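These are my notebook entries from going through the model one place at a time. I wrote down what I looked up, in the order in which I looked.

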Amino acid sequence: MDRLLDRIAEKVYADQRLSADDGLTLLRSRDVSTIGRLADHARRARHGNTTYYNINRHLNYSNICALSCKFCSFYRKKDQDGAYQYSIDDITTQARDAAAAGATEMHIVGGLHPWLEFDYYTDMLRAIRQAAPMMHVKAFTAVEIVHLARISKRPHELDAVLQDLKEAGLGSLPGGGAEVFDDRVHDEVFKGKIRSDQWLEVHETAHRIGLRSNATILYGHIESLEDRVAHLCMLREAQDRAIENDLPGRFQTVIPLPFIPDQSELEHLPGPTGLDDLRMLAVCRLMLDNFPHVKAFWIMQTLALSQLALHWGVDDIDGTVVWYDITKVGGTDTHQEVAATDLRRAVREAGFDPVERDTLYRRVQRDGARWWLAKQPEAVAST
Ligand code: SF4
């Protein structure tokens, strides 16, 4: 055992907050077993044996983007091969199909489209609400929200923009676009994208108007371990502020995303290893003590590693996904689907109890494609 972890273990078992130095020690340690044990303790203290999953659909409405982030293999320029953009009718059809298949959530993100108007986004939300009234729409990263504020000519009125989207049917914000909160990394890899202060401002504004949101960190490219820890500390402080100010919305889940080099401008980098993935998921659980949930995103971490990660602090194994255009691990097919039975089997085999949730972590009961919210104490949603 790495003796440097002794003091950290004492803190974890005493339910004390870890410092930034502790986070760095954990990320530097090769004692992945002990890190896993500590994260598992913290995870079980909060969630016991429960592991969440959901029946969802991802929709990437367009890959046309005004920016060209170096780590991104998704974006295309207007006339480039493979550029696409869905019509509202396409989106309505997908929402209807998803509802008919029993999905509880649509997760919608896309590029920063240079000429679509603000109405496209509100029309999209209204059309989904009409086609699939029970569907929760989790949509638009903070980067897209800032873009929507610009195209609606209200760059300094995030509040009004988010209110308009909420009224049209937006249910919550996903956590993407955070990348790594560091100016050096920002300027080198995703210059043009919003910086950490704006990303955090969008989420705080969403929380103020009662929208919950998630957070991500994209790791394993040119960032340092110090950058990773600083990012997690900034998320933790933002959640502390939301709690102190008793905002109606909060962060629900952190989703650490491993950098996938394939087909990006940073293809020469090796990307993170499986042990780095496990360590990172565990460190998120240990550092983000005020985030209820840590999710492994099987599209990027693979289902096999996500299953293992349930013992490294993860309590959410994501959903059925179906179509995902942003990263295509091991190929070019955007059909990436895991059946709910396979998710449940992976969870059970790991020794945990699978619980289907909706986007807000309320328990779902179902009979085939028909579903309803189980009777449950309100606290379930925030624990
Ligand atoms: S990461 Fe997002 S903003 Fe950057 S190029 Fe890709 S789609 Fe555009």
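**Entry: S264.** I began with S264, which lies in the loop between β7 (251-258) and α11; helices (H or I, at least four residues) and strands (E, at least two) are DSSP runs, numbered from the N terminus. S264 counts as buried because its relative accessibility is 8%, where buried means under 20% relative accessible area, exposed over 50%, and partly exposed in between (1.4 Å probe, protein chains only). Leaving aside neighbours within four places in sequence, S264 is in contact (heavy atoms within 4.5 Å) with K70, F71, C72, S73 and F259.

**Entry: what I am reading from.** This is a predicted model, in which local features need pLDDT of at least 70 and side-chain atom pairs count only at pLDDT 80 or more, while totals for chains, interfaces and linings use all residues. Residues are numbered from 1 along each chain as its sequence is written, and side-chain values use heavy atoms, with hydrogens and water left out.

**Entry: the ligand.** Which residues surround the ligand? I noted C65, L67, C69, F71, C72, F74, Y75, G111 and K193, a residue being near a molecule or strand if one of its heavy atoms lies within 4 Å of it. This shell divides into seven nonpolar residues, one polar and one charged, with Ala, Val, Leu, Ile, Met, Phe, Trp, Tyr, Cys and Pro counted as nonpolar, Asp, Glu, Lys and Arg as charged, and the others, Gly among them, as polar.

**Entry: strand β3.** In strand β3 (residues 105-108), E105 and H107 point one way and M106 and I108 the other way, and all are buried. In a regular strand the side chains alternate between the two faces of the sheet. On pairing, I found that strand β2 (residues 56-59) and β3 run in the parallel sense over four bridges, where two strands pair if DSSP finds at least two bridges between them, and that H58 stands opposite H107. From β2 the chain crosses through helix α4 (residues 88-100) to β3, and this β-α-β crossover is right-handed, that is, with the strands pointing away from the viewer, the path from the first strand over the helix to the second runs clockwise. β3 also pairs with strand β4 (residues 136-139), in the parallel sense and over four bridges, with E105 opposite H136. β3, helix α5 (residues 118-131) and β4 make a right-handed β-α-β unit.

Entry: β6 pairs in the parallel sense with strand β5 (residues 172-173) over two bridges, and S172 stands opposite R212. With β7, β6 pairs in the parallel sense over seven bridges, and S213 has F251 as its bridge partner there. The chain goes from β6 through α10 to β7 in a right-handed β-α-β crossover.

Within β6 (residues 212-219) I picked out T216, which counts as buried at 5% relative accessibility. A polar atom of the T216 side chain lies 2.7 Å from the backbone oxygen of G175. Not counting residues up to four places away in sequence, T216 touches, among others, G176, E179, H231 and L257.

**Entry: two positive phi values.** E179 lies in the loop between β5 and α8 (183-189), is buried with a relative accessible area of 6%, and has a phi near 50 degrees, a positive value in a residue other than glycine. F140, in the loop between β4 and α6 (142-151), has a phi near 70 degrees, again a positive value in a residue other than glycine, and is buried with a relative accessible area of 0%.

**Entry: helices.** In helix α2 (residues 20-28), I found D22, G23, L24, L26 and L27 buried, and their cover includes α1 (6-13), α3 (32-47), α10 and α11 (274-287). E237 has its place in helix α10 (residues 225-244) and counts as partly exposed, at 43% relative accessibility. The C-alpha atoms of E237 and L288 are separated by 9.4 Å, although these residues are 51 apart along the chain.

Terms used
A polar contact is a pair of N or O atoms within 3.5 Å; within protein, one must be able to donate a hydrogen and the other to accept it, and residues adjacent in sequence count only if both atoms are side-chain atoms.
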